[in-house]
Amino acid sequence: METLSHTITTSASAKPRLPRNDNVHRRLLRFRHGFSSLNLGTLRSQRSSSGFFKVECSQQSSKNCIDFTDPDWKSKFQQDFERRFNIPHITDTFPDAHLFPSTFCLRMRTPVTEDFAEGYPSDEEWHGYINNNDRVLLKVIHYSSPTSAGAECIDPNCTWVEQCTYHLRVHRAGPREKIYFKPEEVKAAIVTCGGLCPGLNDVIRQIVITLEIYGVKNIVGIPFGYRGFSDKGLAEMPLLRKVVQNIHLSGGSLLGVSRGGPSVSDIVSSMEERGINMLFVLGGNGTHAGANAIHDECRKRKLKVAVVGVPKTIDNDILLMDKTFGFDTAVEEAQRAINSAYIEAHSAYHGIGVVKLMGRSSGFIAMQSSLASGQVDICLIPEVPFNLHGPHGVLRHLKYLIETKGSAVVCVAEGAGQNLVEKTNATDASGNIVLGDIGVRIQQETKKYFKEIGIPADVKYIDPTYMIRACRANASDGILCTVLGQNAVHGAFAGYSGITVGICNTHYVYFPIPEVISHPREVDPNSRMWHRCLTSTGQPDFI
Ligand SMILES: Nc1ncnc2c1ncn2[C@@H]1O[C@H](COP(=O)(O)OP(=O)(O)OP(=O)(O)O)[C@@H](O)[C@H]1O
Ligand SMILES: O=P(O)(O)OC[C@H]1O[C@](O)(CO)[C@@H](O)[C@@H]1O
Ligand SMILES: [Mg+2]
């Protein structure tokens, strides 16, 4: 008989559990997850009197709704998928836009743009170009049954699992043989927004280097995020290979970051004034929402501008991508905090180490860090509810760990257990809700609980938040940043706009921005990875 991830128990937890490992529950979770991960809109399904599922769509537009009563729903779903994942192109607005032979090729690394007056050097024989019709499959596993681990249901009855079909595919990233911008007419700008993330400088560096290889000479950095477009005191920073050559050796962003800032209309007006026709936007979901709005506004104003995003988030909360840059580094850096918590807890009499890691709405950093360290006894993430108090609460389990092991380590994501902390209505400059501090709450409640039950406990709290994201990228993130930065430039020269670059099944792709930011990517509590994490910690359910 199959067991479900959230039913794993330890000897500490010989407690009655909610009967959650039934197929209905599992199916519902998969059904919900399937929709959310493929972003089919917010759907509500009900059994109609005919016995079929009818789908209501809570969105204003019904474009993402599927009517499962339609016998052709599968092919319509596929067509709809292709339409949604088609990426916007300059020719949508400028059908007669001119094409030029690419100036990016292996043999000609630093073209002299003045020489292009009479036309571009003819192509050398090089097979490094990507065909515009190349695609990458979004799903590479052929699930033979809806109950196969990881299978996501498309329809409410969970009957359709042929997702590795060639229909679910996305545009392959890379250099094209023909380009839509003359390098000498390009003014490219780079902006970094939101919080810091390891690898920002690596991406900036690679974008500048690649632009130069195409022959672009006018490259600027916009200081301090979108704010740099409106704040008159902030001058744009000219960027050259010479300037960016070594910036990847330190963390942070050469350009600075910020939250909040001017309206989209003001940003586009500023771009028009400055003559910017390529904009590279490095940031998270908020920044990408901004990038997409900038793209739309440029279309509205009939500006021939390419807006290309590079997803930046240590939280790894962008949909459909294998991972985002900075995540691996964050997980690696978190090991040091977890190890310190472990050493402290292990060396103290009845020691308890609590480590809080980032993850506003997704627990990927906490989950992967716990898994990698093998030193964590309790991992708490936003996606999985828990109680602190009560017979199945975290504190009761901590008591058990102290009694049996003598020490314990808790790793908690910042967005976990928000129902257990006082809510504030405060928001940051970008409108993100300021979260309550669950790490401090766990520390305080643990101290109080052990005092009340008369068992000594030495609680140490570690919050390495900013140490983790301010460090420089590790080698694997450095390489990821290099490829993403290059592909961002290739995408812009290929005439795409309103896109972002990503890695999907180890291949590099372009996504239309709205498809990857409609909601944060979350840890699936039914996934094998969360199950692995539970296997490692040995923790019971805390509900
Ligand atoms: N819906 C939106 N439309 C236009 N601009 C937006 C939108 N949401 C956020 N922004 C702008 O994007 C910038 C960054 O947003 P935010 O502070 O939310 O960070 P983020 O990109 O989500 O990164 P992080 O992962 O660090 O939170 C801000 O300048 C903000 O004003
Ligand atoms: O303190 P700041 O700069 O607002 O950033 C904190 C946020 O950054 C994030 O890591 C996203 O990048 C969130 O998890 C976290 O809430
Ligand atoms: Mg965000």
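1. Basis. This is a predicted model, in which local features need pLDDT of at least 70 and side-chain atom pairs count only at pLDDT 80 or more, while totals for chains, interfaces and linings use all residues. Residues are numbered from 1 along each chain as its sequence is written, chains are lettered from A and ligands numbered from 1 in the order in which they are written, and side-chain values use heavy atoms, with hydrogens and water left out.

2. Sheet order. Four strands form an open sheet with parallel pairing, in the order β13-β14-β12-β15. Strands (E, at least two residues) and helices (H or I, at least four) are DSSP runs, numbered from the N terminus; two strands pair if DSSP finds at least two bridges between them. The edges are β13 (378–380) and β15 (458–462), each of which pairs on one side only. Neighbouring strands are turned by 15 degrees against each other on average, direction ignored; axes here are lines fitted to C-alpha atoms, for helices over the stretch in contact, and angles run from 0 to 180 degrees between N-to-C directions.

3. Strand β12. Six bridges link β12 (residues 351–357) to β14 (residues 408–413) in the parallel sense, and five bridges join β12 to β15, also in parallel. Within the pairing with β14, Gly 353 has Val 409 as its bridge partner, and Ile 352 stands opposite Ala 408. On the β15 side, Val 354 stands opposite Tyr 461.

4. Burial of β12. Why is β12 described as largely enclosed by the rest of the structure? Seven of its seven residues are buried, where buried means under 20% relative accessible area, exposed over 50%, and partly exposed in between (1.4 Å probe, protein chains only). One face carries Gly 351, Gly 353, Val 355 and Leu 357, the other Ile 352, Val 354 and Lys 356, and both faces are covered.

5. Helix α11 (residues 438–452) lies across β12, β13, β14 and β15 and runs at about 175 degrees to β15.

6. Glu 445. This residue lies in helix α11 and counts as buried, at 7% relative accessibility. Its side chain makes a polar contact of 2.9 Å with the side chain of His 389; such a contact is a pair of N or O atoms within 3.5 Å, and within protein one must be able to donate a hydrogen and the other to accept it, with residues adjacent in sequence counting only if both atoms are side-chain atoms. Not counting residues up to four places away in sequence, Glu 445 touches Leu 388, His 389 and Leu 395.

7. Ligand 1. The ligand is surrounded by 16 residues, the closest being Gly 195, Gly 260, Asn 285, Thr 287 and Ser 430; the criterion is a heavy atom within 4 Å. Polar side-chain atoms lie 2.6 Å (Asn 285) and 2.3 Å (Thr 287) from an oxygen atom of ligand 1.

8. Backbone. Most residues other than glycine have a negative phi. Lys 302, in the loop between α7 (285–300) and β11 (306–311), has a positive phi of about 55 degrees and is exposed, with a relative accessible area of 55%.

Note on methods
Contact = heavy atoms within 4.5 Å.
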